[in-house]
Amino acid sequence: MSGLLAVEEAQARLLALRRPLGSENVIFSQSLGRYLSQDILAQRDQPSADLSAMDGYAIRGADLPGPWAVTGEIAAGGVPSQRVGAGEAMRIFTGAMLPEGADTIVIQEDAIIGGTHLRLAAADAIRPGQHVRSRASDFPAGARLVAAGTRVTPGVIAAAIMSGAAQVTAGTRPRVAILTTGDELVQPGHALAPGQIPDSNGTMLAAMLGIEPANVSLPLHIRDDRLMISRVLKDLARRHDVIVTVGGASVGDHDHVRGALEDAGGSVDFWKIAMRPGKPLLAGRIGDTILLGLPGNPSSAFVTATLFLLPLVRHLAGARAPLPEVRRAPLAAALGPGGKRRDYLRARLEGGLLSVFDGQDSGRTLPLAEANALAIRDIAAPARTVGEQADYIAIA
Ligand SMILES: Nc1nc2c(c(=O)[nH]1)N[C@H]1C(S)=C(S)[C@@H](COP(=O)(O)OP(=O)(O)OC[C@H]3O[C@@H](n4cnc5c(N)ncnc54)[C@H](O)[C@@H]3O)O[C@H]1N2
Ligand code: MOO
């Protein structure tokens, strides 16, 4: 279909509209899900000395198979006050520093103790050097542990703390406004008159953004009134980095987002993408604020938010790889050929097989509750049989 932008090109153009916002120092407890704006460099060796990995006895490997005289004890947090000489052993606990001279741990299950006399239950069970965590074996001082642009996970927090850091430097959280449009929409949970439907998209989008590093304002709703929409856009643009509108993006007489954007002094960068659902997606700017106009159909809003809104927010927040990762899995059933737009099909990945749902009407919401994947079918892709591989994106 002519005049429709390819998904990749639209994504590239959207992300090029604005550079990442900036960075700030963030305490660890506030850092989850944010993007590092500086590499995490190790400020110390970890561990900073050779440590025991087990509870038992520290010995010299050269003395195997024993026996030994136990001369003292060392626990985690202590510093050994004496060395281990020939024929000597020291009682030791997990995480404790190895005494000088020792290089091997005999775990207590392999030891037979009589007073201070230690011998092995089975001599062939011990390997010289065993159960020692050597200095810097986790990481050495100066090592680059995690690269800038990486998302902070609980594991990244653990490594950053162990590196000696007191906080991280992370990208600034974009301020995002959500604006739903449509005369038929009613606040969630409120009574519906004939012709009305609940506004599910606003809260759905807020939930999708809720696990991203963004400051999301409470969703606003506005009627299909071009003047009102343009006033609200102008106002929101003063206080937000991103405005996401839902609905009113198509060609109907009541679809006002494009016109309202222009009335508000903004400009359209692109409109209409070669994807299904999501064709009427619109992107533009009002000053530095990016406006992303999502189609109103719930599945269209969900798919375009997954492919455009979340990547935009991650990009502004400093992500190195903001786009969703495309994976592959075998199909659980045959899949027909692709059409003129690339399909993002609601699907479920279970037991390693990808099942594409039968009902793909973009007006439906139930498939969104059931899907954990979007199967990707390219423009004019040939039909595929059961077991053939298909691309997909995992969704939260
Ligand atoms: N003549 C044409 N008609 C349509 C075209 C086209 O190319 N030519 N494109 C179709 C496609 S594709 C889509 S997608 C929709 C998108 O239209 P809009 O973005 O203008 O969305 P609306 O018309 O406002 O709403 C569509 C549908 O979704 C419901 N909706 C809207 N907002 C919400 C919300 N916040 N929560 C839940 N549901 C919502 C709305 O009631 C409509 O049923 O246009 C096609 N038409
Ligand atoms: O592109 Mo629309 O989003 O098919 O339903």
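**Contacts, burial and ligand shells**

Q: Which residues is Val 313 in contact with, leaving aside neighbours within four places in sequence?
A: Val 313 is in contact with Pro 174, Val 176, Leu 209, Glu 212, Ala 214 and Val 242. These pairs are called contacts because their C-beta atoms, placed from the backbone, lie within 7 Å. The model is predicted: local features need pLDDT of at least 70, side-chain atom pairs count only at pLDDT 80 or more, and totals for chains, interfaces and linings use all residues. Residues are numbered from 1 along each chain as its sequence is written, while chains are lettered from A and ligands numbered from 1 in the order in which they are written.

Q: Why is Asp 343 called buried?
A: A residue is buried if 20 or more other C-beta atoms lie within 10 Å of its own, exposed if 12 or fewer, and partly exposed in between, with C-beta atoms placed from the backbone. Asp 343 has 21 within 10 Å, so it is buried. Its place is in strand β24 (residues 342-350), a strand being a DSSP run of E with at least two residues, whereas a helix is a run of H or I with at least four; both are numbered from the N terminus. Not counting residues up to four places away in sequence, Asp 343 touches Arg 276, Gly 338 and Arg 377.

Q: What makes His 131 and Lys 272 partly exposed?
A: His 131 has 19 other C-beta atoms within 10 Å and is therefore partly exposed. Lys 272 also has 19, so it is partly exposed. His 131 lies in the loop between β9 (117-120) and β10 (132-133), and has a positive phi of about 60° although it is not a glycine. Lys 272 is in the loop between β19 (267-271) and β20 (275-276), with a positive phi of about 80°. Most residues other than glycine have a negative phi.

Q: What makes a set of residues a nonpolar core, and how many residues has the largest?
A: Such a core is a set of buried Ala, Val, Leu, Ile, Met, Phe, Trp, Tyr and Cys residues joined through C-beta atoms within 7 Å. The largest has 77 residues, and Val 313 is one of those with the most contacts inside it. Helix α6 (residues 298-316) gives the most to this core, 11 residues. Another core, of 20 residues, lies apart from it and includes Val 84, Met 90, Ile 105 and Ile 126.

Q: How do you know which residues surround ligand 2?
A: A residue is near a molecule if its C-beta atom, placed from the backbone, lies within 6 Å of it. The residues around ligand 2 are Arg 276, Pro 277, Gly 278, Lys 279, Pro 295, Asn 297, Ser 300 and Ser 362.

Q: How is the shell around ligand 2 made up by class?
A: It has 2 nonpolar, 4 polar and 2 charged residues. Ala, Val, Leu, Ile, Met, Phe, Trp, Tyr, Cys and Pro count as nonpolar, Asp, Glu, Lys and Arg as charged, and the others, Gly among them, as polar. For ligand 1 the shell has 9 nonpolar, 14 polar and 4 charged residues.

Q: Why is the protein called more spread out than a compact globule?
A: The protein has 7 helices and 27 strands. Its radius of gyration is 30 Å, well over the 21 Å that the globule rule gives for 396 residues, so the protein is more spread out than a compact globule. The radius is taken over C-alpha atoms, and the rule is 2.2 Å times the number of residues to the power 0.38.

Conventions
Contact = placed C-beta atoms within 7 Å.
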